[in-house]
Amino acid sequence: MTLRSNKKQAREVSLSEPIGSDREGNEITLLDVIETEDEAVEDRLHEEDKRNLLKGFLFAKLSGREREILLYRYGLYGYPEITQREIADRFKISRSYVSRIEKKALSKLRECYDASEIAF
């Protein structure tokens, strides 16, 4: 019976038991190897809310051209990420005009987002 009991204990592993050492000679435990920093659920939900809010502004507050330029420029929602030059060629406008539209659209989104943060 003692042999069986000892055999079961031999299979048990403690997370804080040393399993080796690092380059500096510090002991490493199993907990050190598998430990990850947990992101707070509340923070994750807040970030998701902010992304959804911006998506809503993107589709509700921007003109079709502004929205499409941002979708292409930043590769959002399945659109390929392309350069301002490629967007200019696609829309048959100058690259500087694409830049102005992009800047204006981002400014609109920032204003909407800032106003919504005040409401929270």
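Q: In this predicted model, where is Lys92 found?
A: Lys92 has a positive phi of about 60 degrees, although the residue is not a glycine. Its relative accessible area is 73%. As for its place in the chain, Lys92 is found in the loop between α5 and α6 (95-119).

Q: Is Lys92 buried or exposed?
A: A residue counts as exposed when its relative accessible area is over 50%. For Lys92 the value is 73%, so the residue is exposed.

Q: What is the phi of Tyr77?
A: Tyr77 is found in the loop between α4 and α5. Most residues other than glycine have a negative phi. Tyr77 is not a glycine, yet its phi is positive, at about 50 degrees.

Q: Which residue follows α4?
A: Helix α4 spans residues 64-74. The residue that follows α4 has a positive phi, near 60 degrees, and is Gly75.

Q: Which residues of helix α4 are buried?
A: Buried residues have a relative accessible area under 20%. One of those in α4 is Tyr72, which counts as buried because its relative accessibility is 10%. The buried residues of α4 are Glu66, Arg67, Ile69, Leu70, Leu71 and Tyr72.

Q: How many aromatic pairs are there?
A: Rings count as a pair if their centres lie within 6.5 Å. By this rule the number of aromatic pairs is two.

Q: What kind of aromatic pair do Phe59 and Tyr77 form?
A: The ring centres of Phe59 and Tyr77 are 6.1 Å apart, with 50 degrees between the planes. Planes under 30 degrees apart count as stacked and those over 60 as edge-to-face, so the remaining pairs are tilted. The pair of Phe59 and Tyr77 is therefore tilted.

Q: How many residues apart are Phe59 and Tyr77?
A: Phe59 lies in helix α3 (residues 41-61), whereas Tyr77 lies in the loop between α4 and α5 (84-91). Phe59 is partly exposed, at 43% relative accessibility, and Tyr77 is partly exposed as well, at 45%. The pair links distant parts of the chain, and the separation is 18 residues.

Q: What kind of aromatic pair do Tyr72 and Tyr79 form?
A: Tyr72 is buried, at 10% relative accessibility, whereas Tyr79 is partly exposed, at 29%. Their ring centres are 4.9 Å apart, and the planes make an angle of 85 degrees. Because planes over 60 degrees apart meet the criterion, the pair of Tyr72 and Tyr79 is edge-to-face.

Q: Which residue has its charged end over the ring of Tyr72?
A: Tyr72 also forms an aromatic pair with Tyr79. The charged end that sits over the Tyr72 ring is 4.4 Å from the ring centre and belongs to Arg90.

Terms used: Residues are numbered from 1 along each chain as its sequence is written. This is a predicted model: local features need pLDDT of at least 70, side-chain atom pairs count only at pLDDT 80 or more; totals for chains, interfaces and linings use all residues. Side-chain values use heavy atoms; hydrogens and water are left out. Buried means under 20% relative accessible area, exposed over 50%, partly exposed in between (1.4 Å probe, protein chains only). Helices (H or I, at least four residues) and strands (E, at least two) are DSSP runs, numbered from the N terminus. Rings of Phe, Tyr and Trp (its six-membered ring) pair if their centres lie within 6.5 Å; planes under 30 degrees apart count as stacked, over 60 as edge-to-face and the rest as tilted. A charge sits over a ring if NZ of Lys or CZ of Arg is within 6 Å of the ring centre and within 35 degrees of the ring normal.
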